[in-house]
Amino acid sequence: MEKLKNIFSSSPDLSIRAFSSIFVVTAIIGGILAGGTVWAIVVFIAAMLSLWEFCKLLSTKHDISPWLTMAAGAFILLGSSLDMSLTSILCAISLIVFISLFFEVMRRQMSGESFALQNMGATIVGIAYVILPWSFMIIIRTRELGAMFLITLFFCTWSCDVAAYFVGSNLGRNLLCEKVSPKKTWEGFIGGAAASFLCGGILALIFSFPPVPLLLMGLLCGIAGQLGDLGESVLKREAGVKDTGSIIPGHGGLLDRFDSILVNATLAFLIFEIIG
């Protein structure tokens with residue numbers, strides 16, 4: 001215990017990260033347990049702030065208008081919370097892209113220039129990358145065992161992040177993807193995947209649930225989540241920024257905090273649909 005206290009006292013940044021993590025975990029797990037409107041509100045806030053950060057990343061390279069993308073994201077999240085069918089959501093996405101195109105038609109007619117390719121791309125990518133994964137988490141929570149699956153999803157992802165950080169910092173020797181994220185190592189990657197797998201097993205015991213599905217989810221979160229983290233690092237490198245934002249002290253932006261969750265939630269929803 002004394003050694004742990006020394007670690008935190010000698011690293012103020014680590015202390016800030018720890019307190020911020022406690023706040024995020026409390027908000028997410030509290031929202032999942034409450035379900036319904038509370039969970040929808042938590043998801044809406046996280047998703048919309050993440051989408052805004054994503055639009056800011058895009059704006060470093062392209063002349064985009066984020067407002068239609070933000071409005072589209074809000075509409076899809078609202079539709080998901082009101083139990084809109086997936087078919088209706090897909091139709092809405094298509095219509096939103098066409099609306100973006102028609103705005104560019106008017107812009108070119110009025111000003112002589114347009115940015116249709118950038119804005120159409122920003123709209124569809126922002127929805128697919130940020131909004132749909134969070135919408136999937138709203139939908140999962142409405143299903144039987146949805147709360148258990150979401151808790152497993154988040155805890156496995158978080159355990160992977162923590163283990164990868166500490167194992168990589170203390171034992172890391174072999175670089176994983178140095179041109180994308182120079183501090184990540186194979187040792188950290190393996191340690192993170194192993195921790196996520198173990199977390200799935202522990203949660204299966206806690207929930208008295210057959211272990212295989214949660215172990216597989218743990219393994220999936222441990223591998224795919226780290227690839228999602230690397231993917232977000234590519235976006236930041238192309239944009240020339242260190243973090244997507246500064247809303248979470250010690251962690252950066254919400255997109256920095258939930259980059260692994262986005263891909264894991266998408267895969268978890270796919271598994272949920274297959275086995276459901």
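## Salt bridges, a pocket and surface features

Asp229, with a relative accessibility of 18%, counts as buried, since the limit for that class is under 20%. The structure is a predicted model, and six salt bridges are counted in it.

**Salt bridges**

- Asp229 meets the side chain of Lys184 in a salt bridge, at 2.8 Å from N to O. This pair links distant parts of the chain, with Lys184 in strand E2 (residues 181-185) and Asp229 in helix H9, 45 residues apart; Lys184 is partly exposed, at a relative accessible area of 26%.
- Asp161 and Arg257 form a salt bridge in which the closest N and O atoms are 3.0 Å apart. Because Asp161 lies in helix H7 and Arg257 in helix H10, the pair ties together parts that are 96 residues apart in sequence. Arg257 is buried, with a relative accessible area of 12%, whereas Asp161 is partly exposed, with 22%.
- Glu104 and Arg107 make a salt bridge through their side chains, at 2.9 Å from N to O. The two residues are three apart in helix H5 (residues 86-111), which means that about one helical turn separates them. Glu104 counts as buried, at 5% relative accessibility, while Arg107 counts as partly exposed, at 25%.

**The second largest pocket**

- The second largest pocket has a volume of about 300 Å³, and 14 residues line it, with Phe23, Val24, Ala27, Ile45 and Leu254 lying nearest its centre.
- Helix H2 (12-34), H3 and helix H10 (254-275) are the elements that give two or more residues to the lining of this pocket, and H2 gives the most, with five residues.
- The lining of the second largest pocket divides into 13 nonpolar residues, one polar residue and no charged ones.

**Nonpolar surface patch**

- A nonpolar patch on the surface is formed by Ile41, Phe44, Ile45, Leu49 and Ile247, which together have about 420 Å² of accessible area.
- Ile45, which lies in helix H3 (residues 36-59), is partly exposed, with a relative accessible area of 48%.

**Loop residues with positive phi**

- Leu145 is in the loop between helix H6 (116-142) and helix H7 (146-171); its phi is near 70°, a positive value in a residue other than glycine, and Leu145 is partly exposed, at 42%.
- Ser208 is in the loop between helix H8 (186-207) and helix H9 (211-239); although not a glycine, Ser208 has a positive phi of about 50°, and it counts as exposed, at 68% relative accessibility.

Notes:
Residues are numbered from 1 along each chain as its sequence is written. This is a predicted model: local features need pLDDT of at least 70, side-chain atom pairs count only at pLDDT 80 or more; totals for chains, interfaces and linings use all residues. Side-chain values use heavy atoms; hydrogens and water are left out. Helices (H or I, at least four residues) and strands (E, at least two) are DSSP runs, numbered from the N terminus. Buried means under 20% relative accessible area, exposed over 50%, partly exposed in between (1.4 Å probe, protein chains only). Patches are made of residues with over 30% relative accessible area and no salt bridge: like charges are joined within 9 Å, nonpolar side chains (Val, Leu, Ile, Met, Phe, Trp, Tyr) within 5 Å. Accessible areas come from the Shrake-Rupley method with a 1.4 Å probe; for residues, only the protein chains shown count as cover. A salt bridge is a side-chain nitrogen of Lys or Arg within 4 Å of a carboxyl oxygen of Asp or Glu. On a 1 Å grid over the protein atoms alone, a cavity is a set of points where a 1.4 Å probe fits but cannot get out, and a pocket is an open set with protein on both sides within 12 Å along at least five of seven lines; lining residues have an atom within 4 Å of a point. Grid points are joined across faces, edges and corners, and a volume is the space filled by probe spheres set on the points. Ala, Val, Leu, Ile, Met, Phe, Trp, Tyr, Cys and Pro count as nonpolar, Asp, Glu, Lys and Arg as charged, and the others, Gly among them, as polar.
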